[in-house]
Amino acid sequence: MKPKVVAIIEARMTSTRLPGKVLMQGCGKPLLQHMIERLKRSKHLDDVIVATTVNDTDDGVVELCEEIGCSYFRGSEDDVLLRVLNAAKEFSVDVIVETTGDCPFIDWRHIDKLIDIYMTQDYDFVSNATERSFPDGFDIRIFSQKALQEVNDISNDPLDHEHVAIYFPRHPDKYKCFNLKADGEEDRPDLEVTLDEIGDYKLIKAVFDALYPENEDFSCVDVIRYIDAHPDLMKLTKGIKRKGIS
């Protein structure tokens, strides 16, 4: 039988740096809704699930999912690995395409390319973000529910349970990993379009407001070209320090 391949978005309202960010608006819609719609354009995904928390503060995330007909799961706020794992179990997911709610520009074209690699080659973990080449904000990681269960059983490291999939590339002796490197115009590790702080939101909103009315299915390349054509946008995010995980 064909494995069930599902994108799971980790999303919550209680970000310490930008509370409520996933429901902030871009071109008339919450950014999380944009992200869900962009993921649903994939030709290879069987479903999209939002993995949020049991906290009352995330009721708004659930309300959005119910309003637009998106699957969702509520679990632990702090143990994100367990939240994703239990979401996968709840919906009988075989292959997890892990994404986070701070990547509203995520490009289904990257996802389908990575799924092709994962499904046709002998890898345990496939990503485009283990070594940065795409702009920050297009991050995708693919692995099986079975492999994530192994990590949950093996590791008690809080970092593994906070960041879900970092165990795989850190243990190449146990897991065969592949990192997709960007080429051409997409090879822009200098660009950051991830949603961490208010300056990021202003940049992301500006890009959505400009591109979405002309083409709802705009690509990573379209985002790069627009930002390059409007260099003042990058001033909005100057000085923001990202939470890097090495």
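An open sheet of seven strands, with mixed pairing, runs in the order E5-E4-E1-E6-E8-E7-E9 in this predicted model. Strand E5 (71-75) and strand E9 (177-179) form the edges of the sheet; each has a single partner strand, so one side of each lacks a neighbour there. From one strand to the next, the twist averages 25 degrees.

**Strand pairing and helix packing**

- Strands of a sheet pair through backbone hydrogen bonds, in either a parallel or an antiparallel sense.
- The pairing of E1 with E4 is parallel and extends over five bridges.
- Within E4, Val 50 is the bridge partner of Ile 9.
- Helix H1 packs on the sheet, where it touches E1, E4 and E6. The direction of H1 makes about 165 degrees with that of E1.
- Helix H5 (residues 145-154) also packs on the sheet, in contact with E6 and with strand E8 (141-144). Between the directions of H5 and E8 the angle is about 85 degrees.

**Nonpolar cores**

- The largest nonpolar core comprises 33 residues. Those with the most contacts inside this core are Ile 9, Leu 32, Leu 39, Leu 45, Val 50, Val 97 and Ile 142.
- Two or more residues of this core come from each of strand E1 (5-10), helix H1 (31-39), strand E4 (47-53), helix H2 (59-68), strand E6 (95-100) and helix H4 (108-120).
- The element that gives the most to this core is H4, with five residues.
- A second, separate core has 23 residues, including Val 80, Val 84, Ala 87 and Val 151.
- Which residues does Leu 39 touch, not counting those up to four places away in sequence? Its contacts are Ala 7, Ile 9, Leu 45, Val 48, Thr 99, Ile 106 and Ile 111.

**Cysteines**

- A disulfide is a covalent bond between the sulfur atoms of two cysteines.
- The structure contains zero disulfides.
- For Cys 65, the closest cysteine sulfur belongs to Cys 70 and lies 4.6 Å away, which is too far for a bond. Cys 65 is buried, because its relative accessible area is 0%.
- For Cys 103, the closest cysteine sulfur is that of Cys 220, at 11 Å, and this is likewise too far for a bond. Cys 103 is buried, with a relative accessible area of 2%.

Note on methods: Residues numbered from 1 in each chain as written. Predicted model: local features only at pLDDT ≥ 70, side-chain atom pairs only at ≥ 80, totals over all residues. Heavy atoms only, no water. Core = buried A, V, L, I, M, F, W, Y, C linked by side-chain atoms within 4.5 Å. Buried < 20%, exposed > 50% of the residue type's maximum accessible area, 1.4 Å probe, protein only. Helix = DSSP H or I, 4+ residues; strand = E, 2+ residues; numbered from the N terminus. Contact = heavy atoms within 4.5 Å. Pairing = 2+ DSSP bridges. Axes fitted to C-alpha atoms, helices over the stretch in contact; angles between N-to-C directions. Disulfide = S-S within 2.5 Å.
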